[in-house]
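Me: I want to learn how to read strands and backbone angles in a model like this one. Where do we begin?
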Amino acid sequence: VQLQASGGGLVQAGGSLRLSCAASGSIFSINTMGWYRQTPGKRRELVAAIITRGGSTNYADSVKGRFTISRDNAKNMVYLQMNSLKPEDTSVYYCNAEIMAISGSYYYNYWGQGTLVTVSS
């Protein structure tokens, strides 16, 4: 099982970016998918998460009203639409998913490789 994130880059403050993450491999079921971010010297923090069945979402207070998480269950993908970006949103963003493999019995936590988002002032 792998997670592949894409969509990071450099954007001016007030601009928008869309991150994508695709889960692939021998996947039986995905419980939740989400995005975390981490800047040097700080702990990795939850940005947004979504339950694949039902679509319930959870956002960090700092991004509420600006970021939107969505998923495409048929494609095993999750997206993060980031609007009104601020310099403090600059970070490495990591895709995360709780996945049960075809050969497995439990959900395990998987991480993507991280994609850098830089917001200039």
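Reply: With what counts as a strand: a DSSP run of E covering at least two residues, numbered from the N terminus. Two strands pair if DSSP finds at least two bridges between them. Keep in mind that this model is predicted.

Me: How many residues lie between β9 and β10 in their hairpin?
Reply: There are 6 residues between β9 and β10. The two strands, residues 91-101 and 108-111, pair in the antiparallel sense over 4 bridges.

Me: What is the strand order in the open sheet of 4 strands?
Reply: The general idea is that strands of a sheet pair through backbone hydrogen bonds, either parallel or antiparallel. Here the order is β1-β3-β8-β7, with antiparallel pairing. The edges are β1 (2-6) and β7, each with a single partner strand, so one side of each has no neighbour in the sheet. On average, neighbouring strands of this sheet are turned by 15° against each other, direction ignored.

Me: How many bridges join β1 to β3?
Reply: The antiparallel pair of β1 and β3 (residues 17-24) is joined by 5 bridges. Within it, Q2 stands opposite S24 of β3.

Me: What is the phi of N76?
Reply: Phi of N76 is near 55°, a positive value in a residue other than glycine. N76 sits in the loop between β7 (67-72) and β8 (77-82). N76 is partly exposed, at 24% relative accessible area.

Me: Where does S84 lie?
Reply: S84 is in the loop between β8 and β9. S84 is not a glycine, yet its phi is positive, about 50°. Its relative accessible area is 40%, so S84 is partly exposed.

How values were computed:
Residues numbered from 1 in each chain as written. Predicted model: local features only at pLDDT ≥ 70, side-chain atom pairs only at ≥ 80, totals over all residues. Heavy atoms only, no water. Buried < 20%, exposed > 50% of the residue type's maximum accessible area, 1.4 Å probe, protein only. Axes fitted to C-alpha atoms, helices over the stretch in contact; angles between N-to-C directions.
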